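Have the structure open and follow along.

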Amino acid sequence: MTALVPLPVLLPLLGAGAALMLSKRPRAQRAITVGVLAAIVVIAALLLVAADQDGPQVVWLGQWKPIGIALVADRLAALMLLVSAIVTLAVLLYSIGQGMTGDESETPVSIYHPTFMVLVAGVSNAFLAGDLFNLFVSFEMLLFSSYVLLTLGGTAARIRAGTIYVVVNVLSSMLFLAALAAVYAAVGTLNLAQIAQRVDDLPDHVALTLQLLLLVTFCIKAAVFPLSLWLPDSYPTAPAPVTAVFAGLLTKVGVYAIIRLQTLLFPGSPLTDLLLWAALLTMLVGILGAIAQSDIKRMLSFTLVSHIGYMIFGVALATTTGLSGAIFYVAHHITIQTALFLVLGLIERRAGSTALLRLGGLARFAPVLGVLFFVPAMNLAGIPPLSGFLGKVGLLQAGLAQGSWLALVLVAGGTLTSLLTLYAVAKTWALAFWRSPEQAHEMMKLLPGTGDSHTEEDAATPQLVRHRGHVHVGSVAFGERDLAEAKRVADADEPDRDLYQRVMDGSLPERLPLSMVGPAAALVLVSVVITFVAGPLFGFTDRAAEDLQERTPYFSSVLGEDTP
């Protein structure tokens with residue numbers, strides 16, 4: 001099985017080259033990329049079985065041991081590889097159904113497939129990397145391809161969001177490069193197994209400095225508060241399939257790197273309190289931001305930040321049960337978050353917008369869409385017996401078992417975050433799906449224009465309250481951008497209309513393309529299947545966590561007779 005280990009990296013790179021050469025033959029491009037991703041799903045499944053039964057699968061590229069590049073597929077890497085392959089295949093099929101990105105006439109679609117393949121290669125390489133420099137190269141592949149995908153179409157909003165994204169990631173890459181230099185200077189190698197063996201000989205302050213440099217870098221990638229401020233403004237402007245794969249996968253690569261850092265390189269210095277505080281603030285600040293949003297894309301982007309906190313919570317506990325819960329939650333959340341953003345693309349296509357201001361009555365006009373949103377949304381909120389509930393219970397039990405006062409605070413914070421997540425998605429459901437389009441249109445007409453002072457209409461509308469630059473109608477807050485949009489949409493002469501106006505003039509699309517609904521529904525189904533296989537999956541994550549704690553299987557597989 002070791003011969004399969006490099007293929008999840010090599011196949012998408014070869015596929016990218018072939019797709020680039022066939023840029024004038026879109027059907028051939030699509031056949032190649034779909035075939036490559038389907039093959040990676042099969043390879044990842046085989047590696048998962050092999051890693052579980054026979055231990056880590058290791059390849060030294062070029063047989064240059066111990067100075068060459070090592071690729072390692074242990075239980076953790078193989079699980080992440082399989083989940084990422086499934087969601088990227090679903091996203092690719094969805095984007096093909098959507099006509100690549102939904103704005104095909106403005107987008108150089110010939111570069112979409114090659115760039116997507118490079119992104120997949122970067123994700124696979126990050127999970128398999130057995131040394132820090134290879135991990136750095138993986139992040140650069142992700143940065144390069146994600147910047148191209150974020151700015152597809154070249155609209156002003158996408159360029160602005162892409163600029164923020166690339167500036168933040170370039171800064172984090174510079175920090176990562178400085179950390180690599182420091183690590184190499186201190187221990188003379190960048191191989192993870194060799195670093196882990198030599199780091200114990202370093203003075204404590206040197207080891208702590210190296211750990212903090214790497215931890216800050218990975219926390220930026222994972223969007224851990226307060227290093228997460230770049231994310232909510234970067235993801236929502238991208239095309240739906242691009243946002244889906246970014247939201248589902250890219251931050252999880254950062255979480256994966258944090259798990260490796262804390263368990264393999266510095267297990268004796270877990271920095272438990274620092275990470276627990278970061279996890280708590282990430283949970284609470286993220287979910288409070290989600291509640292304040294009036295656009296579903298931004299709401300989900302903030303919940304993404306918030307739920308990163310659960311994963312960091314499990315890692316910070318530095319126990320086998322905590323790590324197992326974190327690994328389970330990563331696998332669950334990749335699937336759920338990707339599925340939700342794909343469904344969000346369907347909402348945008350059906351209703352013309354994801355702004356709550358414009359939506360209403362989707363449960364009546366698109367009941368299948370309602371089911372596709374409701375199931376993963378409830379899963380995200382942690383409603384029993386779905387996998388989100390099981391993952392959170394596993395993490396909260398690990399926190400209770402650890403027993404420190406800060407861990408107990410995190411248990412309370414995690415419970416509160418789960419309730420607030422339920423409130424955020426329930427509010428979205430009530431406004432976008434449950435209320436009638438007429439009610440949404442009437443609410444929009446109540447809103448004053450941008451910068452208007454208090455008016456007699458305000459006083460006559462008891463539900464309308466102004467506070468700190470926002471207008472609150474009931475439990476919904478609207479900012480300056482929403483007010484300007486409401487004023488524009490309410491103008492009957494404007495072509496930009498809300499759902500009610502689209503229903504009245506008969507311009508609402510009759511149905512959604514099956515080629516888009518199918519992949520989104522399949523991913524929602526996968527998220528439900530995780531619930532039914534939660535027991536075996538928890539058994540697998542328990543074994544993966546034990547491997548991470550012991551480290552011996554990793555050392556013996558990578559270094560062989562050099563293992564101490």
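What volume does the largest cavity have? About 110 Å³. Before going further, keep in mind that this is a predicted model, in which local features need pLDDT of at least 70 and side-chain atom pairs count only at pLDDT 80 or more, while totals for chains, interfaces and linings use all residues. Residues are numbered from 1 along each chain as its sequence is written, and side-chain values use heavy atoms, with hydrogens and water left out.

Back to the holes. The structure holds five cavities of 30 Å³ or more. A cavity here is a set of points, on a 1 Å grid over the protein atoms alone, where a 1.4 Å probe fits but cannot get out, and lining residues have an atom within 4 Å of a point. Grid points are joined across faces, edges and corners, and a volume is the space filled by probe spheres set on the points.

Around the largest cavity you'll find Phe139, Leu142, Leu143, Tyr165, Asn169, Lys221, Trp230, Tyr235, Leu250 and Thr251. Two or more of these lining residues come from each of α5 (132-150), α6 (156-187) and α10, where helices (H or I, at least four residues) are DSSP runs numbered from the N terminus. Helix α5 gives the largest share, three residues. Sorted by class, the lining has seven nonpolar, two polar and one charged residues; Ala, Val, Leu, Ile, Met, Phe, Trp, Tyr, Cys and Pro count as nonpolar, Asp, Glu, Lys and Arg as charged, and the others, Gly among them, as polar.

The second largest cavity contains about 80 Å³ of space. Its lining is made of Ala126, Ala129, Leu132, Leu135, Leu192, Phe218, Tyr256, Ala257, Arg260, Leu261 and Leu265. Both α5 and α10 supply at least two residues, and the largest share, five residues, is from α10. The class count for this lining is 10 nonpolar, no polar and one charged.

Helix α10 also has a packing partner. Two packed helices are described by the angle between their axes and the distance between the axes. For α4 (residues 112-128) and α10 (residues 240-265), the angle is about 20° and the axes are 10 Å apart; axes are lines fitted to C-alpha atoms, for helices over the stretch in contact, and angles run from 0 to 180 degrees between N-to-C directions. The two helices are therefore roughly parallel to each other, the term for angles under 35 degrees, with angles over 145 counting as roughly antiparallel. The crossing of α4 past α10 is left-handed, as the near helix is turned anticlockwise from the far one by less than a right angle. On the α4 side, Tyr112, Phe116, Leu119, Val123, Ala126 and Phe127 touch Pro241, Val242, Val245, Phe246, Leu249, Leu250, Val253 and Tyr256 of α10, with contact meaning heavy atoms within 4.5 Å. By class, this contact has 14 nonpolar, no polar and no charged residues.

Now look at another pair. The axes of α12 (residues 296-317) and α17 (residues 405-434) come within 11 Å and cross at roughly 160°. That makes α12 roughly antiparallel to α17, and this crossing is left-handed too. Residues of α12 in the contact include Ser306, His307 and Tyr310, while those of α17 include Gly414, Thr417 and Ser418. The class count is 11 nonpolar, seven polar and no charged residues.

Finally, check the loops. Proline 385 lies in the loop between α15 (367-381) and α16 (387-402).

Terms used: Parallel < 35°, antiparallel > 145°, perpendicular 65-115°, else oblique. 1 Å grid on protein atoms, 1.4 Å probe; cavity = no way out; pocket = protein on both sides within 12 Å on 5 of 7 lines; lining within 4 Å.
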